[in-house]
Amino acid sequence: MATDSAAGEPPSRGKRADAQRNRETVLAAAAEAFVASGVDAPIRQIAARAGVGMATIYRHFPTRADLVTAVYRHQIEACAEAGPHLLASADSPLDALRQWIDLFVDFLVTKHGLADALQSDDDRFAALHAYFLDRLLPVCARLLDAAVDNGDIRPGTQPYELMRGIGNLCIGHDNDPRYDPRRLIALLLQGLQRPHAL
């Protein structure tokens, strides 16, 4: 009869669960630090926010680029996964679209320093931009289609142009506290609606 031996066994579920929790905690802390200080926030500050040692961060994310990429992939996933949930739970497809756009704007206005990182020569950041489009365009398309099918908005708006337009309206938020992109985004959405949906 074979006996279990500690050597060569995969990590226990408890250890894997702890490692996953640590990773999630680090990602959340890094996201908060990036909002406050940009993507160059000190690793020591992120570790303190997460309540872990710096070694834990480096074990999960050997380089800053790895950490930045993981944070934004995590946030992209959260935004992508929210779309179907909102469509199932909101009062109308238009309401789901509005709520999703609100999440999308939250993501855009809190990505301090990511735009510069995306324009760097690092292939990971180029892949991140492609991932952003691959994950979010279909979600936006589904929400738009549902709102069109329900008669809430006019047909013809492409998901890319809507997301790009929202992104452009978010530019400048960092530099001017008087500027609130959400007001203009609300007007943009109002312009897409059919008269009975206003």
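Trainee: Which residues of H8 are buried?

Mentor: Please bear in mind that this model is predicted. The buried residues of H8 are Pro-159, Leu-162, Met-163, Ile-166 and Cys-170.

Trainee: Why do these buried residues of H8 line one face of the helix?

Mentor: An α-helix has 3.6 residues a turn, so residues three or four places apart point the same way. In H8, the buried residues fall within an arc of 95 degrees when seen down the axis, and therefore they line one face.

Trainee: How far apart are the end C-alpha atoms of H8?

Mentor: They are 17 Å apart. With 12 residues (159–170) at 1.5 Å a residue, H8 should span 16 Å, so the two values agree. After the helix comes Gly-172, whose phi is positive, near 100 degrees.

Trainee: How many aromatic pairs does the structure hold?

Mentor: There are 5 aromatic pairs. In one of them, the ring centres of Tyr-72 and Phe-107 are 6.1 Å apart; the planes stand at 75 degrees, over the cut-off of 60, so the pair is edge-to-face. This pair links helix H4 (residues 64–89), which holds Tyr-72, to helix H5 (residues 93–109), which holds Phe-107, across 35 residues.

Trainee: Is Phe-107 buried or exposed?

Mentor: Phe-107 has 6% relative accessibility and therefore counts as buried. Phe-107 also forms a stacked pair with Phe-132, at 5.8 Å centre to centre and 25 degrees between the planes. Phe-132 lies in helix H7 (residues 123–149) and Phe-107 in H5, so this pair ties together parts 25 residues apart in sequence.

Trainee: Which residues form the aromatic cluster?

Mentor: Phe-34, Tyr-72, Trp-100, Phe-104, Phe-107 and Phe-132 form one cluster.

Key. Residues are numbered from 1 along each chain as its sequence is written. This is a predicted model: local features need pLDDT of at least 70, side-chain atom pairs count only at pLDDT 80 or more; totals for chains, interfaces and linings use all residues. Side-chain values use heavy atoms; hydrogens and water are left out. Helices (H or I, at least four residues) and strands (E, at least two) are DSSP runs, numbered from the N terminus. The expected span of a helix is 1.5 Å times one less than its number of residues. Buried means under 20% relative accessible area, exposed over 50%, partly exposed in between (1.4 Å probe, protein chains only). The arc is that of the directions from the helix axis to the C-beta atoms. Rings of Phe, Tyr and Trp (its six-membered ring) pair if their centres lie within 6.5 Å; planes under 30 degrees apart count as stacked, over 60 as edge-to-face and the rest as tilted.
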